[in-house]
Amino acid sequence: MATYSITPIPAFNDNYIWLIHDTQHAWAVDPGEALPVLHYLNHHQLTLAGILLTHHHADHCGGVATLRQHYPSLTVIGSPKDPLPPLTRAVQEGDTLLLAPLDLTVTVIEVPGHTLGHVAYFGDQCLFCGDTLFAGGCGRVFEGTAEQMWHSLDKLNQLPASTRIYCAHEYTESNLTFAIRVEPDNPDLQQRLQQVRAARSQHQITLPSLLAWERQTNPFLRLHEPTILHHLEEWIGHPLSTDPAQRFSVLRQWKNLC
Ligand SMILES: [Zn+2]
């Protein structure tokens, strides 16, 4: 049984900073701002041991400098391929990290697309994937190509179905509202959208997601579905090849305009 807990700390409008902690120590994933993290740590008498960064956007790493002032010996981990705040350890694909003194080891997965140096961290069936895979959707392709982003999502989709997805934003309702336009006849999607709308009307968090649910309802992982292909071709106005990266690119363009 896990000896740690994972707690969401809301930040900005719709970010979550994930805090992995036991009763004494904590690691923060993507602390875009420091104050809500410091508040939680003080309130629960926790010491911050380290930070995992997925990518360089300010809403993911803007709090690092202040947290470092409070905890000078903090471990800060991220990819050297993204322009991040100073790291104490630069990581790459396949590196394994023990989040000491917590009882959790994670592996680094490089997932370029949203940014070129975007990484995800996976361990003990938990995936911290920043702005790459979202519940019901995926991040925008800001720096990489559509093909790179598709490969990154496909890579994450190789993880076990039981993988819990700790992404960085509460976008689930708007993502599924778009998904149902792309695949209106998917009963799993209809049911999930209903559940998510009910949860959001009570201001409840919709995360973590489960990779099994994403395979059933996330159109970016369902590009092989005939209904999705039909709607993509209708939207773009010409037939598409069997190349999933091309289908991904069209779906991402459509979503960008919604
Ligand atoms: Zn981002």
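Predicted model: local features only at pLDDT ≥ 70, side-chain atom pairs only at ≥ 80, totals over all residues.
Let me begin inside the protein with Leu 99, which touches Ile 20, Trp 27, Leu 52, Leu 104 and Val 106, leaving aside residues up to four places away in sequence; contact here means heavy atoms within 4.5 Å. Residues are numbered from 1 along each chain as its sequence is written, and side-chain values use heavy atoms, with hydrogens and water left out.

Leu 99 sits in the loop between strand S7 (96-98) and strand S8, where helices (H or I, at least four residues) and strands (E, at least two) are DSSP runs numbered from the N terminus. With a relative accessible area of 0%, Leu 99 is buried; buried means under 20% relative accessible area, exposed means over 50%, and partly exposed lies in between, using a 1.4 Å probe and protein chains only. Leu 99 is also 48 residues from Ile 51 in sequence, yet their C-alpha atoms are 9.3 Å apart in space.

Where does Thr 115 lie? Thr 115 is in the loop between S8 (105-110) and strand S9 (119-123), and at 0% relative accessibility it counts as buried. Not counting residues up to four places away in sequence, Thr 115 touches His 55, His 56, His 57, Asp 82 and Glu 143.

Let us turn to helix H6, residues 187-201. Its 15 residues, at 1.5 Å a residue, should span 21 Å, and the end C-alpha atoms are 21 Å apart, which agrees; the expected span is 1.5 Å times one less than the number of residues. Which residues of H6 are buried? They are Leu 189, Arg 192, Leu 193, Val 196 and Ala 199. These cover an arc of only 130 degrees around the axis, which puts them on the same side of H6, the arc being that of the directions from the helix axis to the C-beta atoms. On the other side of H6, Pro 187, Gln 194 and Ser 201 are exposed. The buried residues of H6 pack against helix H5 (172-182), strand S14 (209-210) and helix H7 (211-217).

The loop between H6 and S14 holds Pro 208, and the peptide bond from Leu 207 to Pro 208 is cis, with omega near 0 degrees. His 203 is found in the loop between H6 and S14 too, and its phi is near 60 degrees, a positive value in a residue other than glycine. At 70% relative accessibility, His 203 counts as exposed.

In helix H4 (residues 146-156), the buried residues are Met 149, Trp 150, Ser 152, Leu 153 and Leu 156. Seen down the axis of H4, they fall within an arc of 160 degrees, so they line one face of the helix.

I will finish with a pair of helices. The axes of H8 (residues 226-236) and H9 (residues 244-256) come within 10 Å and cross at roughly 65 degrees; axes are lines fitted to C-alpha atoms, for helices over the stretch in contact, and angles run from 0 to 180 degrees between N-to-C directions. Leu 229, His 231, Leu 232, Trp 235 and Ile 236 of H8 make the contact with Arg 247, Val 250, Leu 251, Gln 253 and Trp 254 of H9.
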